[in-house]
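Welcome! Please take a moment to look over the sequence and the model before reading on.

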Amino acid sequence: MKVHAKLCVITRREKQKLQYYGFDLRGANFEGADLRDAFLVSCNLRNACFAKANLQNVNFHDAKLCEADLRQADLNGACFTMANLKDARMEFANLQNANFVDANLDGTKLVQAELNGACLNGIKVSSKTKF
């Protein structure tokens, strides 16, 4: 299912969670959005912008986040298991307690990212990955 999210406005209502499973959200702009506890499982988020967004405890399991912009985002406790983050930008992001088990971080930029408590078991990295 392809969703044209470039013009979507996401508002957070008390005690509601954003839930997308397998949606095509390529190029979506979530800059500065509050998406705490959202489910974006198996979504195509290539080139999506999450810069400065609140993404605490978001579930990105098996998501395609290639070339996504997650700079300065709060991703404390986020789940990236089996996610593809190839060439994603995560500079200055809060990644404390995030789960990256079996994630592809080939070419991902993590300069100045906070990784305390993050689980990095089984990640794929390359010489292009920057910590």
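The notes below cover the model, one aspartate and a set of aromatic rings.

## About the model

This is a predicted model, in which local features need pLDDT of at least 70, side-chain atom pairs count only at pLDDT 80 or more, and totals for chains, interfaces and linings use all residues. Residues are numbered from 1 along each chain as its sequence is written, and side-chain values use heavy atoms, with hydrogens and water left out.

Let's start with Asp-69, which sits in the segment after β2 (39-41). Strands here are DSSP runs of E with at least two residues, numbered from the N terminus. Asp-69 counts as buried because its relative accessibility is 14%; buried means under 20% relative accessible area, with a 1.4 Å probe and protein chains only.

The side chains of Asp-69 and Arg-71 are joined by a polar contact of 2.7 Å. A polar contact is a pair of N or O atoms within 3.5 Å; within protein, one must be able to donate a hydrogen and the other to accept it, and residues adjacent in sequence count only if both atoms are side-chain atoms. Setting aside neighbours within four places in sequence, Asp-69 is in contact (heavy atoms within 4.5 Å) with Ala-48, Cys-49, Phe-50, Ala-51 and Arg-89.

## The aromatic rings

Rings of Phe, Tyr and Trp (its six-membered ring) pair if their centres lie within 6.5 Å, and planes under 30 degrees apart count as stacked. There are six aromatic pairs by this rule. One of them is the stacked pair of Phe-60 and Phe-80, at 5.0 Å centre to centre with 5 degrees between the planes. Phe-60 and Phe-80 are both buried.

Phe-80 also stacks with Phe-100, at 4.8 Å centre to centre and 5 degrees between the planes. Both Phe-80 and Phe-100 lie in the segment after β2, so this pair ties together parts 20 residues apart in sequence. Ring pairs link Phe-30, Phe-50, Phe-60, Phe-80 and Phe-100 into a cluster.

Key
Helix = DSSP H or I, 4+ residues; strand = E, 2+ residues; numbered from the N terminus. Buried < 20%, exposed > 50% of the residue type's maximum accessible area, 1.4 Å probe, protein only. Phe/Tyr/Trp six-rings, centres within 6.5 Å; stacked < 30°, edge-to-face > 60°.
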